[in-house]
Amino acid sequence: MDRLDEWFGIEGDALKWVASYLADRCQLISIQGKLSIPMSLIYGVPQGSVLGPLLFIMYTTPLSQIILEHEDLLHHLYADDTQIYTSFNTSDHNSKIQSLQDCLISVQDWMFTNKLKLNPDKTEFMLIGNKCQRKKFDSFFPVEILENSIPPAAHAKNLGVIIDSDLNFKRHINNTVKVCNYYIRDIRRVRKHLNLDATTALANALVSSRLDYCNSLIHSVPKVYLTKLQRVQNSLARVVTKSPKFTSSKPLLDKLHWLPVISRINFKVATITYKVLHLQQPPSLHRCLKLKSMPLNTRSNNQLQLQHPPVGSNNYGRRAFSYTAPTVWNMIPYCIRSAPSVMSFRKQLKTYYFKNTPDG
């Protein structure tokens, strides 16, 4: 209640309403039909409630300030999942690692004071870079984190996305293919009992949603990985339309009005870019974009084109949002880029990609 008042300015009747919602709660346990004695709950928020995640996020808001007190550390907070990250080279890695260790101790102390627990066993440390870069630091690891000696993890799951130390998303894509194929086999077994509309809805819910989830991250990954995802979509289209195994996939995708995988990725990147440019949210992505300006008053000045940032020969830079967004956005016709609403933009963009998607 103090947090809501001091940090968010919730007071008066509004604060009393929240207090009445949280107060006088209890818990008990049922074992073989017998109930334990009720125990009063004086801490926490109701788990599984609509307000639960929001209240928890508001309660842990000061955690962000704790992390910011440590120099050169950035962070992301997702409810009860926190990522702290930094960049370093061989000349300053000691100071950066020390800063990271100090920060985690501060976080642990703050959580203890606020009746929360930081589980060291669930704390992962990952070193991201190409093999040559990571090899330079082999002798410096494992590191001491929260009194545990932790070697760099090869991969870690973040909001359902598997991020690997090479940052090529190979493991994530292979996992997506595996899960999608599992559901395609299930759909194939029941296909004869379903009509086309029901099967399409099932396919979109179980498979297409997984192909689309966070797919903007895999823009510009090696083509061999995208081919794996495209094969999944082709297989799904054949099951939905009851087509033989070696039927050409392009007519089936057109019939179902499904964009191929590469176009779906571009569609997602373009949609995110549109929202970032018009809403200027989230700030972390908005700072990555810069409208192209010309020294002279030319027509291109008024066509919402984005400027490419300078990148070296490293492929990592070309996969960053600051580079992929201008790449995708500038190839879209101006009449679509200037759409008055997100819904209008998405509708026109999907039509454009359907008409301009090559076969194969």
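Is Ser-220 buried, exposed or partly exposed? Before selecting that residue, note that this is a predicted model, in which local features need pLDDT of at least 70 and side-chain atom pairs count only at pLDDT 80 or more, while totals for chains, interfaces and linings use all residues. Residues are numbered from 1 along each chain as its sequence is written, and side-chain values use heavy atoms, with hydrogens and water left out.

Now select Ser-220, which lies in the loop between H8 and H9 (helices, H or I of at least four residues, and strands, E of at least two, are DSSP runs numbered from the N terminus). At 38% relative accessibility, Ser-220 counts as partly exposed, a class between buried, under 20% relative accessible area, and exposed, over 50%, with a 1.4 Å probe and protein chains only. Ser-220 has a positive phi of about 75° although it is not a glycine. Most residues other than glycine have a negative phi, and most peptide bonds are trans.

Two proline stops follow. The peptide bond from Phe-141 to Pro-142 is cis, with omega near 10°, and Pro-142 sits in the loop between helix H6 (131–135) and strand S7 (143–145). The bond from Gln-281 to Pro-282 is also a cis peptide bond, with omega near -10°, and Pro-282 belongs to the loop between H11 and helix H12 (283–286).

Then select Val-207, Ile-218, Leu-236 and Trp-258, the residues with the most contacts inside the largest nonpolar core, which has 26 residues (such a core is a set of buried Ala, Val, Leu, Ile, Met, Phe, Trp, Tyr and Cys residues joined through side-chain atoms within 4.5 Å). At least two residues of this core come from each of H7 (170–190), H8 (196–212), H9 (223–240), H10 (249–256) and H11 (261–279), and H9 gives the most, with eight residues.

Finish at helix H3 (residues 51–59), in which Gly-52, Leu-55 and Met-58 are buried. These residues are on the same side of H3 because they cover an arc of only 135° around the axis, the arc being that of the directions from the helix axis to the C-beta atoms. Their cover includes helix H1 (2–8), helix H2 (12–22) and helix H4 (62–68), with contact taken as heavy atoms within 4.5 Å.
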